[in-house]
Amino acid sequence: MLYKIIRFLIENKFIAFLLGLLIIGAGYITAPFDWGGDILPRNPVAVDAIPDIGENQQIVFTKWAGQSPQEIQDQITYPLTTSLMGIAGVKTIRSTTMFGFSSIYLIFEEGVDFYWSRTRILEKLNSLPPNLLPKGVRPSLGADATGIEQIFWYTIEGRDENGHTTGGWDLEELRSIQDYFVKYNLSSSKGVAEVASIGGMVKSYQIALDPEKLKYHKIPLEKVVAAAAKTNQNSGGKTMEINKVEYIIRGLGYVKNIRDLENTVVAYHNKTPILISDVARVYTAPKERRGILDKEGSEVVGGVVTARYGANPMQVIKNIKAKIEEINTGLPSKKLTDGRVSKLKIIPFYDRSKLIDETIDTLSDALFLEILITVLVIMLMIADFRIAGLISGLLPLTILMVFVAMKYLGVSANIVALSGIAISIGTIVDVGIVLSESILRKFKKQPKRPINQTVYKATKEVSGAIITAVMTTIVSFIPVFAMGGSEGKLFIPLAATKTMALVMAIVVALFILPPLAAFLLELRKPSYRSKIIRQIVLVLLSTALVFWHPIIGLAGVLYGLAGVLYSFDKVSKKHHQKAQLLIIVTAILILLSKHWMPLGFGFSTLSNFIFSGVICSVILWVFYVFQKYYTRILWWALANKKIFLMLPLLLVLSGIWIWRGTDKEFMPTLNEGSFLLMPTSLPHAGVAENKRVLQALDIAVMQIPEVKTVVGKAGRTESALDPAPLSMYENIIHYFPEYKTDENGKPLKFKTDENGLFLTKSMGKIKAGTRVEKTQLIPDAKGAYYRNWRAHIKSPDDIWEEIARVTKMPGVTSAPKLQPIETRLVMLQTGMRSPMGIKIKGVDLKKMEAFGKDLEAILKEVEGVKKTTVFADKIVGKPYISVKINREKLVQYGVQIAAVQNTIKTAIGGKVAGQTIEGEKRYDIEIRYPRELRNDPEKILDAYVPLPDGNVIPLRELASVHYEKGAQAIKSEDHFLIEKINLSVAVWVGFIALFGIATDDGVLMATQLKKAFQKTRGNTALDIRKKIVKAASLMLVSCKGKKKSEPATKIEDTAVQTASFGVRGNCGMCKETIEKAALGIAGVASAVWDKTAKQIEVKFTGDVLDDIHTAIANSGYDTEKKTANDEAYNSRPKCCQYDRNMQMSVKKEAHKEEDHKQEHDGKESEK
């Protein structure tokens, strides 16, 4: 069936041409690269920077405002955890309990569907027993996403008409705009799972009760709460029909302002209404907050956008940006006191699309460079434009087909997946070379045979070897597909894309390449006039191309001019071919050096061009020398097998020894272009102190010239995905790229003076490494690249060292080197914020923390561990004020404990009586004592507790206050409490061995050997070696043209040759000396001297015949070409001093190819 399809496509080239166009079109539609233009509708592969190797994790989030971690752990986390353990597919349950909320993380087994697991959790939550949790507490399922999907962070800032930051907006105002306008609009973007707010002040209505007035009017707390709740409601009275017109009846009672609350009736005494204003003060104030956002030392308001699980991150970010463009036009503006107009705008400070673009561009450049190098090698080593064109066309077609397969098999385009394509290029080129060489060899052997038949037979001859070689490589990747967990998620995309590339290479090579080759070989030699016209058209088109791509355009012009000169007989054919080859090679080297820049941007393009040329020349020279002397080396290796096999054995042993001493790391670090600083403060630090430390960290980091911007977060966003305590900081630090670049990431040149200082528009002369806006520098194509980094900063690691140095502050822990995506992955997998760590499990938090401190000290002394990154979590250290109730006093006064707890909860903690509805905005109505009566432990005891007779009693009569230390956060895993020690170890990046090309070459070599031994196995060792050398020589494909019209592959250069010539001599001693001299030449397989005929017969490979003559003459014996000198002759024994006029039996040299005589005769007739 395979051969029928191949023959059909060769005979119906138009269908193959349409198939090629279909591949190009489908590849363009699905390609992850943004090529611009709207030629076809785009439906690209999902794009991300790295694969999501996290586990299927679902979060059950429960709020219980005002409650301590221990109460929430006992009453919510523990009962919920035990209930959720029975869900099918759950592997591990982790939990984090903090002040005011509980987060339970359910990690499911590999293979459990993400949304199926959510359904099972919802079913379980809906069937919980009615009294399992405290009254009014309702657990909820977190967003359908994981922490790794947090792809876009932003702030809301006022900007003037010039784009400069302005003030004039208070944090409460900005937070309301974020919560009720920006958040909801961004949430409507396709692919967005959640938008969470952070920073600013949340507005609320505060009813500050006066306990003495309440006591005077004998009004209990609950009555004020009930009155506030009842005063804020609308109602409906159905409808009324008047004059046949229907009217809807509404009762309007929503609170609109402070006055409405103040005028609310609480009680009616002696025909006198008691209003809220009579017993309390009403005002607006910010709610207590558990999250702060700071930008470069100034507090700001912002949010984080999380993409839905399985969505295309790149497309989601595009949707977000499009929505932001709409939102920005509708954001409010105000006139400032200085006359400027400040308009609010959404300003991104973390945008993963930049990293994705850089990752895709890096791999795109890598693929482009690989194709350039491939074409360069083919042109120089083969120098045949047809085969170079065929092989070069194979690469892009194969890659485009891979994109189609990735799209419909659900493989996202990330750095790992696209690397699979990159490492497949060698194998793809191998396939193209083998097939193309087979076709050209068949064509030159029998040029009069019909082209279609020649191409078909050549394809059929090698198709089996190609398929076997490629399938062997594919089979070798089966263990990778069997990987599970994070390892599988990381490496399976690479194995998948490599497998796709190899399969698609077979498809293109066997179905597209043969028809294309037949088409090219069928082309008739153009007439003299059409040649000239074609070259002139090429020159004209290339001239127009110069404006789009100068290098390619200029190369085309020169190539066409060379053709024109040759057409007018101004240059010889030999010089014409060399000129065209030189033009193509030079253009490729220029493109290679401009994209590669191996010496860096600190060196000129010319220096990089020379370096690229030298490197390529050295490598190609090594290949050339190996190719030239391959058969000689092989003959020596076959004759000295034991000695030669010591070399690969030594290499294997060396590799094992190096491997055993090499450290391993699961996943190589991706340079994200930003850092994530995650220190912590002491657990007892309050909001004001954490804000101060956070701003101090941001200001310190901004003093580093290499830092572009820094935004810090303390505490958590309003999301179940972010269970951070207020004492945990996350500072996202963006640093400048090494050189100033344009919008496409290409370095720019700027004007300098004679001393190398850069000229600016308003800052005078500055040296590289000074923080300066790109617009301040003067562009100059002949200038120098501006390096953003100072001289001693060589890599991002040096920038991190600067950050670690300036952020050493009292009361702040050290932090390991982390990056945003890397950290999300680590925390998602382990629940810790460092690449490595130790979990301590137990039941007593205090003992666990003490043991953690001891272990921390020990780990800091371990070799290879970075001391600055070792820190144990502080789990017991949060100050508590415990109000201990005296039950005997309760009995004495007849007070129930619920009455005391209600006073603590409402008067001190505050109770929400409802929400105002102001259009789209909602603000809490909160009731409690004023701040001055609840900001001191002693004053807390003055709170009144109601007695059964309607009177009140101070809390101090019923309870006492004690200071204690408790847990800031309680973490558990599978029912055990845990303490974590974070650390980092210096390791090397691990690697995965890929044997594709080696396997392919081995299969192809085995195929040639099998063919060589199909007829006869050989009777002697010499015959066997001859067959091996002959088969191996065919693997050294070289279609490079030799002299004149010499055949493409000159077999005499690689196969065994036989020569006979005369040599003078007398005796058996002469025979031994002559044969030994001949056998001493590399490539000589045998040498037999006939004493009677005075003639020697030698069998050899390569061009060594003259060397054999010389070696024999140097031993003292005349040959028909070389005469021994007198000194060598006289050194022979008397019996061996022959007559120097002796007649030699001279025979004509009979160079022949024993197993290829027919083929050789055909090539001679072709000559």
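Two strands pair if DSSP finds at least two bridges between them, and the legends below use the word in that sense for this predicted model.

**Figure 1. An open sheet of four strands in mixed pairing.** In the predicted model, four strands lie side by side in the order E13-E8-E30-E29, and they form an open sheet in which the pairing is mixed. Strand E13 (280–286) and strand E29 (911–918) are at the edges, and because each has a single partner strand, one side of each is left without a neighbour in the sheet. On average, neighbouring strands of this sheet are turned by 25° against each other, direction ignored. Within the sheet, strand E8 (residues 203–209) and strand E30 (residues 921–928) run parallel and are joined by five bridges; Tyr205 has Ile925 in E30 as its bridge partner. Helix H5 (residues 171–187) packs on the sheet, where it touches E8, E13 and E30, and its direction makes about 125° with that of E30. Helix H29 (residues 897–909) also packs on the sheet, touching E29 and E30, with a direction that makes about 120° with that of E30.

**Figure 2. Helix H27 with its buried side and the face turned away from it.** Helix H27 (residues 845–859) has 15 residues, and from its first C-alpha to its last it reaches 20 Å, which is close to the 21 Å expected at 1.5 Å a residue. Its buried residues are Leu845, Met848, Glu849, Gly852, Leu855, Glu856 and Leu859. These residues are on the same side of H27, because they cover an arc of only 125° around the axis. An α-helix has 3.6 residues a turn, so residues three or four places apart point the same way. On the face turned away from the buried side, H27 carries the exposed residues Lys846, Lys847, Asp854 and Ile858. The N-terminal end of H27 is capped by Asp844, which has a side-chain oxygen 3.0 Å from the backbone nitrogen of Lys846.

**Figure 3. Strand E5 and the strands that pair with it.** In strand E5 (residues 150–159), ten of the ten residues are buried, so the strand is largely enclosed by the rest of the structure. E5 runs antiparallel to strand E16 (residues 301–307), to which six bridges join it, and Ile156 has Val301 in E16 as its bridge partner. Strand E18 (residues 341–351) is likewise antiparallel to E5, with eight bridges between the two, and here Glu157 stands opposite Lys345. Strand E6 (residues 165–166) pairs with E5 over two bridges, again in the antiparallel sense, with Thr166 in E6 as the bridge partner of Gly158. The hairpin of E5 and E6 has five residues between the strands, and Gly163 takes a positive phi near 85° in it.

**Figure 4. Strand E3, with buried residues on both faces.** Strand E3 (residues 101–108) is mostly covered, with eight of its eight residues buried. One side holds Phe101, Ser103, Tyr105 and Ile107, the other holds Ser102, Ile104, Leu106 and Phe108, and all of these are buried. Strand E1 (residues 57–63) runs antiparallel to E3 and is joined to it by seven bridges, with Phe61 standing opposite Ser103. Strand E2 (residues 90–98) pairs with E3 in the antiparallel sense over eight bridges, and Met98 stands opposite Phe101. E2 and E3 form a hairpin with two residues between them, and Gly100 in the turn has a positive phi of about 95°.

**Figure 5. Lys218 and Glu296, two residues with a positive phi.** Most residues other than glycine have a negative phi. Lys218, although it is not a glycine, has a positive phi of about 55°, and it lies in the loop between helix H6 (211–217) and helix H7 (221–230). Lys218 counts as exposed, because its relative accessibility is 59%. Glu296 is not a glycine either and has a positive phi of about 55°; its place is in the loop between strand E14 (291–295) and strand E15 (298–299). With a relative accessible area of 34%, Glu296 is partly exposed.

**Figure 6. His217 in helix H6.** His217 is found in helix H6 and counts as buried, because its relative accessibility is 17% and buried means under 20%. Not counting residues up to four places away in sequence, His217 touches His269, Ile274 and Val279.

How values were computed
Residues numbered from 1 in each chain as written. Predicted model: local features only at pLDDT ≥ 70, side-chain atom pairs only at ≥ 80, totals over all residues. Heavy atoms only, no water. Axes fitted to C-alpha atoms, helices over the stretch in contact; angles between N-to-C directions. Contact = heavy atoms within 4.5 Å. Expected span 1.5 Å × (residues − 1). Buried < 20%, exposed > 50% of the residue type's maximum accessible area, 1.4 Å probe, protein only. Arc of directions from axis to C-beta. Polar contact = N/O pair within 3.5 Å; in protein donor to acceptor, adjacent residues only side chain to side chain.
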